[in-house]
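Please read this briefing alongside the sequence and the 3D view. It begins with single residues and ends with the overall form.

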Amino acid sequence: MARIIKAEILMVDLVPKATRTDAIQSFVSQETPILRLTDEDGTVGTGYSYTIGAGGPAVVSLLRETLLPQLIGREAEEIEGIWRDLLMSTHATAVGAITSLALATIDTALWDLRCLRAAQPLWRMAGGTKSSVGVYSTEGGWLHIDTADLIADALEMQEKGFSGSKIKIGKPSIAADRARLRAVREAVGPDYQILVDANQSFTLSEARRRADMLAEFDIGWFEEPMPADDVGAHAQLTAASPVPIAVGESMYSLSQFKDYLAMNACTIVQADVARVGGITPWLKVAHMAEAFNVSICPHFLMELHVSLTCAVPNAPLLEYIPQLDEITISRVDIRDGRAQAPTAPGLGIAWDWDAIAARAISGLSATLEG
């Protein structure tokens, strides 16, 4: 083992190449805190998290002022203990998005260090279940996209061998959502998965109406139908819905997933490694879901989730949304519609440090040494 002797934090802001809108918001920019941790043997691990346009400076501030000073001098291999200690040191601000994103930035860097020291890729170190995973696309299914373009994108993904496409719903009328879904289903046929995402936009009564409509088109899952903190309403909907209910991208702790699973309030979990606080808690969510015979299909972050979905046995699908192309050299390797687990040691992400340096936001960088 080796102590952590240096921590470097910075943030870049990435504007999505495609317009991303859903029923409640627009994804206008990706604030991306990036952390480099150096141990006393000279190994450097890199971690990161993200926002969709707000809160990034707060994440960096929490890291710089509160969390990273506690990290200097710790044994880098003691990942579970570090995660728990840092969580308890911010107990008054947890559970919450800012704290979870900050913890994830550290935790992913520590896992990168662990894998680099062991000369093993993350997917093997975290479980090593399979070397590839099915992929579905979201990038062509945003709410503002017209029906003709929805169809064209779904047909393109189907031709590439993808498992399915996700379409955002939440138009003012159920008829409008129905028309879009009918057109896509007629175009792709019965064997291609169509998934839908409401982004927490419905009441319970409206979610029930939409669930019945979704069954007409053999929809693979109904994602975030209602506000994520309403576990009871999701339990009622899951019991009544003819299509699977998926939740998790807006949940920030292991305990929240425990409540959903224990109350039979979902049938698919979608833990986001950044929002749940890192790889350490993500793996706990995945294994807990496995105990309930529930799949985990994580939200976003495909460059990191490709390794995690290959690490565990109950992760059948990876969400395709390119996130890091402007600041990395590596790309997710997709062959015949399946994403291949990275073979390089570490997280499997090759960073472009020149591009990162050019994009680093002034005033949001810091280096701590000890």
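Threonine 99 sits in helix α3, which covers residues 97-118 (helices are DSSP runs of H or I with at least four residues, strands are runs of E with at least two, and both are numbered from the N terminus). The model is a predicted one, in which local features need pLDDT of at least 70 and side-chain atom pairs count only at pLDDT 80 or more, whereas totals for chains, interfaces and linings use all residues. Residues are numbered from 1 along each chain as its sequence is written, and side-chain values use heavy atoms, with hydrogens and water left out.

**Helix α3 and the residues around it**

- Threonine 99 counts as buried because its relative accessibility is 3%, where buried means under 20% relative accessible area, exposed means over 50% and partly exposed lies in between, computed with a 1.4 Å probe on protein chains only.
- Apart from residues up to four places away in sequence, threonine 99 touches Leu62, Thr90, Thr93 and Ala94, a contact being heavy atoms within 4.5 Å.
- Alanine 94, one of those contacts of threonine 99, is joined to valine 95 by a cis peptide bond with omega near 5°, and valine 95 itself lies in the loop between α2 (79-89) and α3.
- Alanine 119 is found in the loop between α3 and α4 (122-125), and its phi is near 55°, a positive value in a residue other than glycine.

**Glutamine 200**

- Glutamine 200 also has a positive phi, of about 65°, although it is not a glycine.
- The loop that holds glutamine 200 runs between β6 (193-197) and α7 (204-215), and the residue counts as partly exposed because its relative accessibility is 23%.

**Aspartate 325**

- Aspartate 325 belongs to the loop between β11 (317-320) and β12 (334-335), and with a relative accessible area of 24% it is partly exposed.
- When its neighbours within four places in sequence are left aside, aspartate 325 is in contact with Lys17 and Arg331.
- Between aspartate 325 and arginine 84 there are 241 residues of sequence separation and a distance of 32 Å in space, C-alpha to C-alpha.

**Cysteines**

- A search of the whole structure finds 0 disulfides, a disulfide being a pair of cysteine sulfur atoms within 2.5 Å.
- Cysteine 266 is in no disulfide, and the nearest cysteine sulfur, that of cysteine 297, is 11 Å away; cysteine 266 counts as buried, at 6% relative accessibility.
- Cysteine 310 is likewise in no disulfide, with the nearest cysteine sulfur, again that of cysteine 297, 13 Å away; cysteine 310 is buried, with a relative accessible area of 0%.

**The protein as a whole**

- The protein has 12 helices and 14 strands, and its C-alpha trace spans about 60 × 40 × 40 Å along the principal axes.
- Buried residues make up 56% of the 370 residues, and among contacts with a separation of 6 or more, 72% are between residues 24 or more positions apart.
- The accessible surface comes to about 13800 Å², of which 51% belongs to carbon and sulfur atoms, as computed by the Shrake-Rupley method with a 1.4 Å probe.
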